[in-house]
Amino acid sequence: MKLGATGLALAALYVASQGVNPVAAALAPGDHRIALQHGGRQRSYIVHAPPAAGEGRPLSVVLNFHGGGGNAENQQKYSRMDMLADAEGFLAVYPDGTGRMPDRLLTWNAGTCCAYSVINRVDDVDFTLALLADLEGRQPVDRRRVYATGLSNGAMMAWRLAVEAAGQIAAIAPVAGARVLQGGTPRRPVSVMHFHSVDDPRALYAGGLGPPFPMTTSQVFHSAVEPTVRDWAATMGCPADARVTALLKGQAGSKEASHTATRYEWAPCREGSEVVLWKFTGTGHVWPGGLQDYLPRLLGPSTALVDANLEMWRFFQRFQLDALSRPR
């Protein structure tokens, strides 16, 4: 059956209402580095397109923000998310922050951290929304299923998106970096799964002034993790007390023998949202299940006791936006 002009227009409106761009071409499977202009700067991101991208159907997106002093390439390599993206059929997106050099020592303006991006008042929330719009012009995207994660300063950026872009981000899963944005309440409940070690030597679990960045005198004040997560749970209308839903211990005789991972869950919360804390002991400022033994003198012991990628993806799949809000 052929559709007339009115029918085509109505069909396009329906598809758009479902959070899908009907005109985007599909990206070839693999890595694509993409540049765009934003805020008077040239910005960039890497998108890893899974084999499913070739089918042309709209895909979920996981935004994966690097830590302070990193960049998109090392976050892609360190977090090892591409393998899961290929298996599960989602777009893994690694944005680049800003810094004095275009390709290294980059940071995110997550509120009070970090460095160049904060000093120069870079609007990284708006950049993220511009990135999503740019991506949507290149690949069909399910805008109801856009999620955010990140390490350290990148985790703080994910927290900021949960507050200031709640109409565009369905859920977040920060790793080793608590919320440092002062004030603000999301326009809708945003589910959170937070990963953090009590023995993190850099983003201190109990909060306070962290150690200087390597070869600098720059220090960051970190929010205490448990009060941050509990405050968010209260804002989401969750029960006051969490339930322990998993307790894992490292295998005796292995290098992870002293590691533990406890999963705390606050649920049910308002509008079906949930808040989860994975609390580790014996591990460092690391991505659980990521590249092992990466910069151990700086970051501390790695761990494979939990696969953060798999845990957050299982979590993400349970949440989607009922309706898209207009970008700010």
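The link of Cys 238 and Cys 269 is right-handed, with 110 degrees about the S-S bond. Cys 238 sits in the loop between α7 (225-235) and β10 (243-249), and Cys 269 in the loop between β11 (260-266) and β12 (275-281), so the pair ties together parts that are 31 residues apart in sequence. Helices here are DSSP runs of H or I with at least four residues and strands are runs of E with at least two, numbered from the N terminus.

Before we go on, a word on the model: it is predicted, with local features needing pLDDT of at least 70 and side-chain atom pairs pLDDT 80 or more, while totals for chains, interfaces and linings use all residues. Residues are numbered from 1 along each chain as its sequence is written, and side-chain values use heavy atoms, leaving out hydrogens and water.

Back to the cysteines. With a disulfide taken as a pair of cysteine sulfur atoms within 2.5 Å, the count comes to two. The sulfur atoms of Cys 238 and Cys 269 are 2.0 Å apart, and those of Cys 113 and Cys 114 are 1.4 Å apart.

Now turn to helix α9 (residues 308-316), where seven of the nine residues are buried, among them Trp 313, Phe 315 and Phe 316. At its start, a side-chain oxygen of Asp 307 comes within 3.1 Å of the backbone nitrogen of Asn 309.

Finally, visit Gln 76 in helix α2 (residues 72-79), which is buried at a relative accessible area of 12%.

Conventions: Buried < 20%, exposed > 50% of the residue type's maximum accessible area, 1.4 Å probe, protein only. Polar contact = N/O pair within 3.5 Å; in protein donor to acceptor, adjacent residues only side chain to side chain.
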